[in-house]
Each structure stands twice: as structure tokens, then as C-alpha cells.
Amino acid sequence: MGNVCYVPLAGGESVSFALPNPAAGADWLYTIPAGYEYEIRALQCKLICSLVVADRRPLFVIYDTAGNDHWRLYFSPANYTLAGETSVFSLYVGCQRTDYSFLTVVTSRQNNDTLPYNRLPAGYQIGTAFGGLDAADQWSEIRINALRWRV
Amino acid sequence: MGGNVCFVPLEGGELIDVNVPNPAPGADWVYTIPAGYEMTLLHTFYRLVTDANLPTRYPMFNLWGVDNFDRVRMKFGTFIGPGAQNNFSLALGSARADAYTRNTYHDALPMMRCLTGERWGSATSNLQAGDQYSLIHFLAVRWRV
């Protein structure tokens with residue numbers, strides 16, 4: 001062990017946090033705080049669907065500060081979440097599963113896909129924009145791991 | 001946290017959020033790296049609405065060098081007919097390849113640091129006179145050179 005650098009040369013600080021649940025029937029969005037740039041490395045969230053039959057259409061998004069779409073990630077119709085299902089979405093940089101959905105038991109679904117490489121400025125948002133959510137559907141266990149820089 | 005942490009991005013560069021003006025109907029959209037900069041495209045989103053003319057449109061995303069020859073061609077396998085609205089969501093690091101879901105094309109962008117005068121944008125075969133590109137946004141890292 002010679003001249004080893006013991007600090008992360010990529011710079012930035014690693015942060016890992018959870019978001020509060022949105023209201024029932026509402027999507028969630030995380031806004032990059034002022035004074036930072038964030039590289040979202042992983043996000044996970046759980047959707048508990050009510051028993052109401054609805055056309056729930058999974059969609060993850062990145063918006064710029066004006067609300068314009070910068071990225072959309074749809075899941076295909078075969079992988080939609082259904083009435084009475086609990087669906088966990090786990091998206092991360094480097095994931096090799098795409099549009100992946102696995103029904104572990106009858107009412108429990110695991111979904112994976114790739115987060116793109118990203119470096120998001122303050123005011124950008126990342127989160128969900130599902131179509132067809134029922135008023136009683138509930139997002140919870142929203143967790144994010146990121147690398148952030150002060151700018 | 002704590003210790004000898006560098007809190008600034010060591011890759012340098014500044015993030016630049018660009019809204020590209022709509023091109024004229026029937027034209028592709030193209031962005032040219034301005035003088036004094038090099039840029040890496042992180043992600044882009046845009047929309048194509050086709051008119052009622054029948055020919056099949058073949059969508060493609062390209063990056064061109066200053067010599068006008070393309071360095072990257074990304075042809076999509078799902079073609080577009082008349083009267084359709086399609087979105088394109090392309091991102092560095094996406095694992096989706098030539099994927100088409102809910103009228104949206106997904107694919108990965110190349111990791112390139114493009115030079116002043118190089119270009120990226122759409123290159124659509126059989127684009128019709130009333131076809132319209134819109135909602136063209138991208139985020140990139142740029143360096144002053």
C-alpha cells in the first residue's frame with residue numbers, strides 16, 4: 001500500500017434519504033434543493049393500489065425547472081399495476097433489467113428498470129406521473145440514494 | 001460525510017438546460033454546439049406529430065461532426081404513420097434499446113464530448129410537409145475550451 005488516496009476522487013457527498021408519503025391518489029416528486037446538483041443513483045418506492053379497477057399506467061419522469069419533460073420511462077401494458085396489488089419500483093443507474101415486472105405472489109409485484117446517468121441542477125424534479133391512479137392509491141416507502149455537489 | 005470531501009463536481013463543466021425552438025413544419029430539428037464550448041448530451045425529450053399524408057416515416061437520431069458526416073446514427077425500429085403523436089426520450093445510460101412504449105421511443109445516448117460546431121438532432125426519412133417537431137428539450141454538461 002503506497003500512495004493511496006483515501007477520499008472519493010469523484011468529489012461530492014453521498015446522501016440517502018426517504019421522502020414523506022404524498023396524499024392518497026397523488027404522485028410524488030422530489031425537487032433538487034437550491035445550491036446543489038444531484039446525481040440520483042437509485043430510487044425505490046411502493047404503490048399500494050386500491051381495489052378499484054383502473055387503468056394505472058406507470059410513468060417515471062424528470063422535469064426541468066419549468067415543468068418540461070426531460071425524461072419519461074413508461075412500463076409496458078403487460079407490466080401495469082392492477083387493483084389490489086402492491087407494487088415496488090426499484091430503479092437504479094447501471095440496472096440491466098428493462099421494463100421488468102415480476103409478480104412474486106398474486107398481489108405483490110416487483111419492478112425494475114434503469115435510471116439514466118444524470119446530473120440534475122437545482123429545481124429539477126424526479127418522480128412519478130402515473131396515469132389512472134385511483135383516489136385511494138397510496139405511494140409510500142419512497143427512498144433515494146444520490147451523490148450531490150455544492151455549486 | 002466529514003473528512004476531506006470535495007463538494008464541487010470534479011468533472012468540471014456547467015449544466016446547461018436548452019429548449020430548442022420548433023423547426024419549420026416538415027423539417028428536422030438540429031442543435032449546433034456553439035463556439036467556445038464542448039458539450040456532453042445527458043438526456044433529451046422531444047415530440048413528433050405527423051400530418052395526414054400516408055408515407056411511413058422512419059425516425060432516427062444523429063450526431064454529426066463538423067464535416068457534416070454522422071458519427072452516430074440511431075435508427076428506430078418502430079415506424080410512424082399518418083396522424084400520429086410520438087415522443088422520444090433518450091438518455092445517457094439508459095438500458096432500453098430501440099424500445100417503444102406508449103408512443104414513446106426509449107434508447108441510450110452515446111457518451112461523447114462533442115466539439116464546437118458539431119451537431120445533434122433528428123434525421124427522419126420521409127418527413128412530410130405538415131409533420132411537426134416540438135417540445136424539444138435537453139440537458140447537457142458544457143465546458144469552455
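Chain A contains 0 helices and 10 strands. The model described here is a predicted one. Chain B likewise comes to 0 helices and 10 strands.

**Chain A as a whole**

- Read along the sequence, the elements of chain A follow the pattern β-β-β-β-β-β-β-β-β-β.
- The C-alpha atoms of chain A occupy a box of roughly 60 × 40 × 25 Å along the principal axes.
- Chain A has 151 residues, of which 32% count as buried.
- When contacts in chain A between residues at least 6 apart in sequence are considered, 74% of them join residues at least 24 apart.

**Strand pairing in chain A**

- Strands of a sheet pair through backbone hydrogen bonds, and the pairing may be parallel or antiparallel.
- Strand β3 of chain A (residues 36-48) and strand β6 of chain A (residues 86-93) run antiparallel and are joined by 7 bridges.
- Within this part of chain A, Lys46(A) has Val88(A) in β6(A) as its bridge partner.
- β6(A) is also joined by 8 bridges to strand β8 of chain A (residues 108-115), and these two strands run parallel.
- The bridge partner of Phe89(A) in β8(A) is Asn111(A).

**Chain B as a whole**

- From the N terminus on, the elements of chain B run β-β-β-β-β-β-β-β-β-β.
- The C-alpha trace of chain B spans about 65 × 35 × 25 Å along its principal axes.
- Chain B has 145 residues, and buried residues make up 31% of them.
- Among the contacts in chain B with a separation of 6 or more, 73% are between residues 24 or more positions apart.

**A sheet in chain B**

- Six strands of chain B form an open sheet in the order β1-β10-β3-β6-β8-β7, with mixed pairing.
- The edge strands of this sheet are β1 and β7 of chain B, each of which pairs on one side only.
- From one strand to the next, the twist averages 20°.
- β3(B) and β10(B) pair in the antiparallel sense over 11 bridges.
- One of the residues involved is Thr44(B), whose bridge partner in β10(B) is Phe138(B).

**Where the two chains meet**

- In chain B, 32 residues are in contact with 30 residues of chain A.
- On the side of chain B that touches chain A, the elements giving two or more residues are β1 (14-20), β3 (37-49), β6 (85-92), β7 (99-101), β8 (104-109) and β10 (132-144) of chain B.
- The residues on that side of chain B divide into 17 nonpolar, 12 polar and 3 charged.

- Most residues other than glycine have a negative phi.
- Arg102(B) is not a glycine, although its phi is positive, at about 50°.
- Arg102(B) lies in the loop between β7 and β8 of chain B.
- Arg102(B) counts as partly exposed because 15 other C-beta atoms lie within 10 Å, whereas a buried residue would need 20 or more and an exposed one 12 or fewer.
- Leu135(B) is not a glycine either, and its phi is positive, at about 50°.
- Leu135(B) is found in strand β10 of chain B.
- Leu135(B) has 16 C-beta neighbours inside 10 Å and therefore counts as partly exposed.

How values were computed: Residues numbered from 1 in each chain as written. Chains lettered and ligands numbered in written order. Predicted model: local features only at pLDDT ≥ 70, side-chain atom pairs only at ≥ 80, totals over all residues. Helix = DSSP H or I, 4+ residues; strand = E, 2+ residues; numbered from the N terminus. Contact = placed C-beta atoms within 7 Å. Nonpolar A, V, L, I, M, F, W, Y, C, P; charged D, E, K, R; others polar. Pairing = 2+ DSSP bridges. Axes fitted to C-alpha atoms, helices over the stretch in contact; angles between N-to-C directions.
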